[in-house]
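Colleague: Hi! I'm new to reading models like this one. Could you walk me through it?

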2 protein chains.
Amino acid sequence: MRSPNPETKTTTEPEDHVEHWDEVADVVVVGSGFAGLTAAIEAHNAGASVIILEKMKAPGGNSIISDGCIAAAATPMQQKAGIKDSAELMYSDMLKAGLGLNHPDLVREVVARSYEALQWSIDYLGVEYLDRVDQFGGHTVPRCLTALNVSGATIIRQQISKLRELGIEVRLQMCLKTFVRNADGRVCGVVVREGYDHEDSSGGTDRYIKATKAVVLATGGFGSDIAFRMAQDPRLTEKIDSTNKPFATAEAMVEALKIEANPVHLSHIQLGPWACPDERGYGVGPIFSEYIVFLYGIVVDAVNARRIANELADRKTLSDAILNTGQPCIALADSKAVEQSGWSIDSCLKKGVVKQFNQLDELASFYGLPPAALEATVEQHNTCVEGKLDRDFGRPIPPDASPMTHPPFFGMRLWPKVHHTMGGVQINVRAQVINLEGHPIRGLYAAGEVTGGVHGACRLGSCAITDCLVFGRIAGRNAAAERP
Amino acid sequence: MRSPNPETKTTTEPEDHVEHWDEVADVVVVGSGFAGLTAAIEAHNAGASVIILEKMKAPGGNSIISDGCIAAAATPMQQKAGIKDSAELMYSDMLKAGLGLNHPDLVREVVARSYEALQWSIDYLGVEYLDRVDQFGGHTVPRCLTALNVSGATIIRQQISKLRELGIEVRLQMCLKTFVRNADGRVCGVVVREGYDHEDSSGGTDRYIKATKAVVLATGGFGSDIAFRMAQDPRLTEKIDSTNKPFATAEAMVEALKIEANPVHLSHIQLGPWACPDERGYGVGPIFSEYIVFLYGIVVDAVNARRIANELADRKTLSDAILNTGQPCIALADSKAVEQSGWSIDSCLKKGVVKQFNQLDELASFYGLPPAALEATVEQHNTCVEGKLDRDFGRPIPPDASPMTHPPFFGMRLWPKVHHTMGGVQINVRAQVINLEGHPIRGLYAAGEVTGGVHGACRLGSCAITDCLVFGRIAGRNAAAERP
């Protein structure tokens, strides 16, 4: 699926071809995930009339299936937990994971405004977070807050109810077909397919919506667009699952490229190392792997039962390590680890992705691991935990970690899934889309996963929501302030 | 420098806007490096009339400053030297270096036709190669032939003289301004700036050239385009030198992106680890580092005098290892290594990039290395050579390698330079340019460094000329066979 209506050739539309505008608003926001809804709220609050377009039958995009974790640097929540952090430290963590490809000015903006965005989500949107600060792979210190119900839907619901208060409803089944530009090249509206049905893209009618100030593109990533992602990484065939919804496709970003937006980092496509091949999509397995095993447990090669990497390494490092073994690895932890994490794995057990065993050798036998080798690996891990030093892979040992000796033991298979597309259209710190010649495309802003540059070669977990809120706010305000 | 004339807005031109064609040919080739000249020869030999456009005052593009090395698999030259190789082995070497991002069908085409292209350059073009088969970093076996004078100019000269025989001259100072498409979207010509001057882009006049069959884009990479490369990798500021000529810029590729060519792997920009910061551009230093030190010598950290990596690792691995030390590393070898390599380093010594020392500690003192640490590193290296096993980094030890004990000793500073841009427009195995929707852009072919996909995340040394010759030939033949 790329074009909303394959019969109609989608080319960019000059304004003088538009005979009739069906509707007019100051700011037209395309996409209703974290970035789009944030931009819409801020554009409204800056005095603009706003229309939000969503191609699916429900709002929230892919954001509603995120785990609702947001990273912020040097927060009172960290202070309360005795964690020392700084904007500079978060900046350097993001650049390290991004292999230095991140656009430094964009990262600085995200990091500097991370706490402000988090606090805005609490104070203004009314989002509630769990009373804990978590550490994810690639972060030097714990700095991640998790929304209630461990779900991005918690944030989306608050955003939609706020928008309703402000008198704005998300328009559903409205799929961007093309941008309209005036004689000066300024984006001045969009053509959308109204009545769009993702299952059957033949229907619907064209609708012309004028944006007197600006359009904000917030249509997310292309993790589920198999043809588009395979041009950048041919390994990502239909045989590699994605944590994204099937509608996470490239067509809106492609329309921006057609009006000469500069594509940045498109070939950097992130796999989630915490995914379980025994369930579809994101699933529940990551609760066990990311929140428990990567901190307190171990990940072992399914053939030789040896650890393969620092389980807290960034996503690319760990995903590559798993893929290099040639088959799903086994993530394991004991009941003490589950207890210390504070998380419930009931949903994982109920779904059958995590299995419970009274003895380590039962676990070994179930997954076909050599039992003696597994025992040796666990013993070696226990030595690391007791000595507070991981001599093998340098993983930091949490202060409350215990040797893995407390039955029952839990196991889960791990195999990476496409999770995030780091690449997208280039933006500047004002969230203006930059063209192939290095100049802003007037009248066009973008925020969130549809943009490239913030995360470089590899995004750190929990930095996506921060990015969406920070640049969604910037895009919304600046779009409202445009002087056509 | 991006637009040949900054005052004129370069937008793509529909055919019905063209009032008058100044000239017509079946095939218009843009660029006169390895790929462009090859395409022109093959298009002519397939019966097409051909025009070749070159923006600079001399033909040959960046190819004339390449070292003229070409990789080919399973050649008689290898057989004669007792080297066992196969297309499959070269394919797997290229995919390993490319981190699996390479387009498999393109790599298979290059590898399968590598020997045929090499032999064509000998038999048809009359190129002479040195009677030796070399091994470069990332190749499992020696498979690289080097043109006489260690220079791509040797190949370019033969191509130009062949074209002259065929009655075709390269048109100089003709810079592509934009593509012209007809009402069906087919590329049917180009607008060029005639009398273009790279030093002063304000001059020249527009010339409209019609291509009745097709246009072949062969304009090379963008290694010297600081603004364009920084959008993909912000570390590559003007402070990082390039081995490319200053005219290796993005403007022609950008014109292809404007007509919706799919950009592939743009953010993968290769640094050459063999470059010396004490000379500009490619220079002569690589003769010492790549042909001598990486096989027989060692590369050490300037602070602790320890080896930093397998010196025969692929370019990305070795460049990153050097960059990570934070300052130029030191490459060193003894006179026996120079002798065994069969190469002369006179030009390196004359230019002063390689220095000669009677004792190792003189070398240490000159470069500020701790002498005892250097001695220990050399001793350890000698043990590896004697045991035919590099226990530290797994570099293969050549059968004729000797311990580093033969004065005089030679040293050179190493600091990576931008060398090759792996990314570019997507092509298929017919060398047709592929658009954002995954379909060929009719009337447009491309070959060489302006394309992306063959080399994935990292190109192996000596595979570029193979790529240019193989896909140049394919592009030329298919362009000539187009039925408009």
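Colleague: Let's start with chain B. Which strands form the open sheet there, and in what order?

Modeller: Four strands of chain B form it, in the order 12-13-15-14, and the pairing is antiparallel. Strands here are DSSP runs of E with at least two residues, helices are runs of H or I with at least four residues, and both are numbered from the N terminus. Two strands pair if DSSP finds at least two bridges between them. The edges of the sheet are strand 12 (298-300) and strand 14 (355-357) of chain B, and each pairs on one side only. Neighbouring strands of this sheet are turned by 30° against each other on average, direction ignored. For angles, axes are lines fitted to C-alpha atoms (for helices, over the stretch in contact), and the angle between N-to-C directions runs from 0 to 180 degrees.

Colleague: And what holds strands together in general?

Modeller: Strands of a sheet pair through backbone hydrogen bonds, in a parallel or antiparallel way.

Colleague: Before we go on, what kind of model is this, and how is the numbering done?

Modeller: It is a predicted model: local features need pLDDT of at least 70, side-chain atom pairs count only at pLDDT 80 or more, and totals for chains, interfaces and linings use all residues. Residues are numbered from 1 along each chain as its sequence is written, while chains are lettered from A and ligands numbered from 1 in the order in which they are written.

Colleague: Thanks! How many bridges join strand 12 of chain B to strand 13 of chain B?

Modeller: Three bridges join them, and the two strands run antiparallel, with strand 13 of chain B covering residues 329-334. Across that pairing, I298(B) stands opposite L332(B), and V299(B) stands opposite A331(B).

Colleague: What about the pairing of strand 13 with strand 15 in chain B?

Modeller: Those two pair in the antiparallel sense over six bridges. I330(B), for example, has R413(B) in strand 15 of chain B as its bridge partner.

Colleague: Is strand 13 of chain B buried or exposed?

Modeller: Six of its six residues are buried, so strand 13 of chain B is largely enclosed by the rest of the structure. Buried means that 20 or more other C-beta atoms, placed from the backbone, lie within 10 Å of the residue's own; 12 or fewer is exposed, and in between is partly exposed. C329(B), A331(B) and A333(B) point one way from the strand, and I330(B), L332(B) and D334(B) point the other way.

Colleague: Which helix lies across strand 13, strand 14 and strand 15 of chain B?

Modeller: That is helix 13 (residues 360-367) of chain B, running at about 25° to strand 15 (409-414) of chain B. Contact between two residues means that their C-beta atoms, placed from the backbone, lie within 7 Å.

Colleague: Switching to chain A: what is the order of its open sheet of four strands?

Modeller: The order in chain A is 12-13-15-14, with antiparallel pairing. Strand 13 and strand 15 of chain A pair over six bridges, and A333(A) stands opposite F410(A) there. Helix 9 (residues 285-296) of chain A packs on the sheet, touching strand 12, strand 13 and strand 15, and its direction makes about 70° with that of strand 13 of chain A.

Colleague: How is chain A divided into domains?

Modeller: Domain 1 is 1-270 + 421-484 and domain 2 is 274-415, with bounds from an automatic or database domain assignment. Their C-alpha centres lie 33 Å apart. At the boundary, 16 residues of domain 1 of chain A are in contact with 16 residues of domain 2 of chain A.

Colleague: Now the two chains together. What rotation superposes chain A on chain B?

Modeller: A rotation of 180° with 0.0 Å of shift along its axis does it, with an RMSD of 0.0 Å. The two copies are thus related as by a two-fold rotation axis. The superposition is by least squares on the C-alpha atoms of residues with pLDDT of at least 70 in both copies.

Colleague: How many residues does the contact take from each chain?

Modeller: It takes 26 from chain A and 27 from chain B. Helix 7 (226-232), helix 8 (251-258) and strand 10 (263-264) of chain A each supply at least two residues of chain A's side. Also, 100% of the interface residues of chain A are interface residues in chain B too, so the copies meet through the same surface.
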